[in-house]
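Me: I would like to learn how to read a protein model, one feature at a time. Where do we begin?

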Amino acid sequence: MPPLQSARTRAGRVLLASSNPHTQATLRAMLAGCDAVTRIDEAWSLPEACGLSRSVDLVLFEATESGRLGVTAALDGLRTAGAPAVIVVSADSNPEIVRNSLHAGAVSFVLTWSDLRALHATVGAALDGQGLVPTEVVQPALEQSHGRMRAVVESLALAVEAKDSVTSRHLRSVTHLAVQLAAQIDPDIATSDEFRYGCLLHDVGKIGVPERILSKPAPLTDDEWVVMRSHPDTGARVVEPLGLPQTVVDVVRHHHERWDGLGYPDGLAGEAIPLAARIFAVCDALDAMTSERPYRDPLPHSIAYARVRREAGRQFDPAVVAALERGVLRGEIELGGQATSTGASSTRLRRRRVGGAAQLVESVFIPNPDVIRAL
């Protein structure tokens, strides 16, 4: 809620519309000291309120007075009768009543047990032609909205898991890693549900990729790559109509963009790529390289870490990679259950495996995310 004050340019006459004596007495007492109110009138029914509404500057209408008509019809009636502005009053912050009232044209919504300053600020703003809804009214609606959002995200994540068991394991581990890295860069991103939702849904577009391509144990053909590379765009088209926050769409659509502009689907470069997507891209690469795939064995975490560091400024945002290094050095980011603190440790690992697979995979590495198919 904005600060409880309004730069009022006018004061006015208020009509209290309720058949409940307790509500009338409470509101009258609370508004008695409001500088924005010049006079308080009372109406004890909706028809009476409609009859008096043209002669006042603001109507405080109790939602229960709408009866069988419903709050939408009641507000339509008040507007038709000439009410200049209406604040709906209720003892209950039921999200449905709040939404219906505001959608039907109420300038604000207040509770009968509102804080005195909140009520005065809301009335003052309404008389000045502005809407102001107290936090205690908004919070239940936000909680309900978040609950619905979580249900949508969980349903989509389950759909992805059912489609591809490899992706299923990847979703949980990469989300955990991404939150750790985000905490090094922007704590607000790290603690937001929107970022976690984006991480969980980043591969939702793979619902549209045939299983024969997802699980193919051999290199993909050019035509198959076209299909595979379509999944960020497909995913964005899945989540956008659901009304999910923009951060979710950003991660889903842009997690395969590259810092140098050679990524997809939009070829964005540098800071044109949303920060949440830049953070997630690093974690996506790390987790994908160290996870088992139908077409290859997992890489050691030290090698995956070295590859990501080497791609700073090309595939990945160098500032994000630097944050990864700081987090690993501090032990605040865990790679495979333990921190990989320095590049020297990966060098020692390769020396211990002279002539082994580690040297081989390092030598054939091409700095292109497409070599890691399931990113």
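Me: Which backbone oxygen lies 3.0 Å from a polar atom of the side chain of Ser-53?

Reply: The general idea is the polar contact: a pair of N or O atoms within 3.5 Å, where, within protein, one must be able to donate a hydrogen and the other to accept it, and residues adjacent in sequence count only if both atoms are side-chain atoms. Here the oxygen is that of Cys-50, 3.0 Å from a polar atom of the Ser-53 side chain. This is a predicted model, in which local features need pLDDT of at least 70 and side-chain atom pairs count only at pLDDT 80 or more, while totals for chains, interfaces and linings use all residues. Residues are numbered from 1 along each chain as its sequence is written, and side-chain values use heavy atoms, with hydrogens and water left out.

Me: Where does Ser-53 lie, and what does it touch beyond residues up to four places away in sequence?

Reply: Helices (H or I, at least four residues) and strands (E, at least two) are DSSP runs, numbered from the N terminus. Ser-53 lies in the loop between helix H2 (46-52) and strand E3 (58-62). Contact means heavy atoms within 4.5 Å. Not counting residues up to four places away, Ser-53 touches Leu-15, Val-59, Leu-78, Ala-81, Gly-82, Ala-83 and Pro-84.

Me: Is Ser-53 buried or exposed?

Reply: Buried means under 20% relative accessible area, exposed over 50%, and partly exposed in between (1.4 Å probe, protein chains only). Ser-53 has a relative accessible area of 0%, so it is buried. Of the 375 residues of the protein, 50% count as buried.

Me: How many helices and strands are there?

Reply: The protein has 18 helices and five strands.

Me: Which residues of helix H4 are buried, and why do they line one face of the helix?

Reply: An α-helix has 3.6 residues a turn, so residues three or four places apart point the same way. In H4 (residues 95-103), the buried residues are Pro-95, Val-98 and Ser-101. Seen down the helix axis, they fall within an arc of 135°, so they line one face of H4. The arc is that of the directions from the helix axis to the C-beta atoms. After H4 comes Gly-105, with a positive phi near 115°.

Me: What is Ser-101 in contact with, leaving aside its neighbours within four places in sequence?

Reply: Ser-101 is in contact with Val-71, Leu-75, Val-88, Ala-106 and Phe-109. Its relative accessible area is 0%. Gly-70 is 31 residues from Ser-101 in sequence, and their C-alpha atoms are 9.5 Å apart.

Me: How many residues does the largest nonpolar core have?

Reply: In soluble globular proteins, nonpolar side chains tend to be buried together. A nonpolar core is a set of buried Ala, Val, Leu, Ile, Met, Phe, Trp, Tyr and Cys residues joined through side-chain atoms within 4.5 Å. The largest one here has 32 residues, and those with the most contacts inside it include Leu-181, Phe-195 and Val-308. Its largest share, nine residues, comes from H14. A second, separate core of 21 residues includes Ala-49, Val-56, Phe-61 and Ala-63.

Me: Why is H15 described as largely enclosed by the rest of the structure?

Reply: Seven of the 10 residues of H15 are buried, so the rest of the structure largely encloses this helix. Among them are Ser-302, Tyr-305, Arg-307 and Val-308. Val-308 touches Val-282, Ala-285, Leu-286, Met-289, Phe-316, Val-321 and Leu-324, not counting residues up to four places away in sequence.

Me: Where is Gln-180, and which backbone nitrogen lies 3.3 Å from a polar atom of its side chain?

Reply: Gln-180 is in helix H7, and the nitrogen is that of Glu-334. Gln-180 is buried, with a relative accessible area of 15%.

Me: Is the peptide bond from Tyr-264 to Pro-265 cis or trans?

Reply: That bond is cis, with omega near 10°. Pro-265 is in the loop between helix H13 (246-254) and H14. The C-alpha atoms of Arg-229 and Pro-265 are separated by 7.4 Å, though these residues are 36 apart along the chain.

Me: What is the mean pLDDT of the protein?

Reply: pLDDT is the predictor's confidence in each residue, from 0 to 100. The mean is 77, and 74% of the residues reach 70 or more. Over residues 1-8 the pLDDT is below 50, and over residues 337-375 it is also below 50. Where pLDDT is low, the predicted coordinates should not be read in detail.
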